[in-house]
Amino acid sequence: MIYGFLLLLVACFFQGSFGLGMKKYQPFSWEAFWVVFSVIGILLIPIGWTWLEVPEFMTYVRETPSKVLWLASFCGLLWGISSILFGKAVDSIGVSLTYGVNMGISASAGSLIPLLIFGNIPVARSFILLLAGMVIMLVGVVVITKAGLDKEKSFKEQLQQGQTGGAKATDKPLSKGLIMASIAGLGSAAMNIGFSYANQTLDIAAEHGVSEMSASLIPWVITLSGGFVANFLYAFIMLIKNRTYRDYVAPGSGKAYAKAIVTSFVWFFALGFYAKATVMLGPIGASVGWLAFNGLALIVSNAWGLKDGEWKGFAKSKNLLLKGNVILIASWIVVGIANGLA
């Protein structure tokens, strides 16, 4: 089990870091960046990595009941719609606050719902501790969100006084960004629900002698098929509508291409290693893992937000943010104990 959590740590680092690529990708417009990210990160890398480890993976997909495939893909579609909002929320309210709201909702709903749907509720002691870890995590998320709200309030006061410190002005309202991040959180929860459904394909592959660690990638190919449709179509339509396809040949576009490609790899590395960690964590790995995955990734994203200067000039809000992260670490410890008792 300890190796499962170590692998989960690696996944969390990638999950908490990929949002950096969704900022400062000029000369690309948002839609130009998102088309590249959708094709490479959501479609090609998942299929390519899965094929490298399980060359016959499509055979096992075809043996999976169509109902499972449709449900998992539909959950992926819901995530795809919400992930568009996630990207826009990062651009609107920053990495730290977007991750805080998004992952708080995603962690609680995405870990509890699969337990209830599939009847994998662990023994009483483990389940109570799991719920306690979830509550502690939500408290941490509330504290971090409060830090973001206080930061915004302080920023407005500084603007009125003509002293913005190290902050950067934005004409995008905080409330709109928070709404987008919240909806994105529900979509992220749907992603893990779809992944849990598609795990039936993992079982089929395992029956054919395929290693469960390798087969754990197959559910992502199924789930993300729906996510690719939503992400690519919307971004492509906006690309044509705004005629921003010209961005692909704009001066300096080479760096934007590189950033989109690196972001794509980092993003799916998070999901790929998470999938492998769930196998190592045991029967409730997809629930315990998702809770810890979101919590620790939030800490990583906050660290990047601090490094990127998002909290510069807001000492009081920054201290509140750090307290929220301490609470998240406590929740991660409780969740680990819960998994050990399962």
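**Exercise 1.** Determine which backbone feature follows H9.

*Solution.* Just after H9, Arg-243 has a positive phi of about 55°. The model is predicted, with local features requiring pLDDT of at least 70 and side-chain atom pairs pLDDT 80 or more, while totals for chains, interfaces and linings use all residues. Residues are numbered from 1 along each chain as its sequence is written, and side-chain values use heavy atoms, leaving out hydrogens and water.

**Exercise 2.** Describe the length and the bend of H9.

*Solution.* Helices are DSSP runs (H or I, at least four residues) numbered from the N terminus. H9 has 24 residues and spans 35 Å from first to last C-alpha, close to the expected 34 Å (1.5 Å times one less than the number of residues). At Leu-224, H9 bends by about 35°, the angle between axes fitted to the seven residues ending there and the seven starting there.

**Exercise 3.** Classify the packing of H2 against H9.

*Solution.* The axes of H2 (residues 30-53) and H9 (residues 218-241) lie 9 Å apart at an angle of about 160°. H2 and H9 are therefore roughly antiparallel (over 145 degrees). Contact residues (heavy atoms within 4.5 Å) include Trp-30 and Ile-42 of H2, and Phe-228 and Leu-239 of H9. The contact residues of H2 with H9 comprise 19 nonpolar, four polar and one charged.

**Exercise 4.** State how H4 is oriented relative to H9.

*Solution.* H4 (residues 66-93) packs on H9 at about 40°, with axes 6 Å apart. H4 is therefore oblique to H9. Leu-224, the site of the bend, is among the H9 residues that meet H4.

Note on methods. Axes fitted to C-alpha atoms, helices over the stretch in contact; angles between N-to-C directions. Helix = DSSP H or I, 4+ residues; strand = E, 2+ residues; numbered from the N terminus. Parallel < 35°, antiparallel > 145°, perpendicular 65-115°, else oblique. Nonpolar A, V, L, I, M, F, W, Y, C, P; charged D, E, K, R; others polar.
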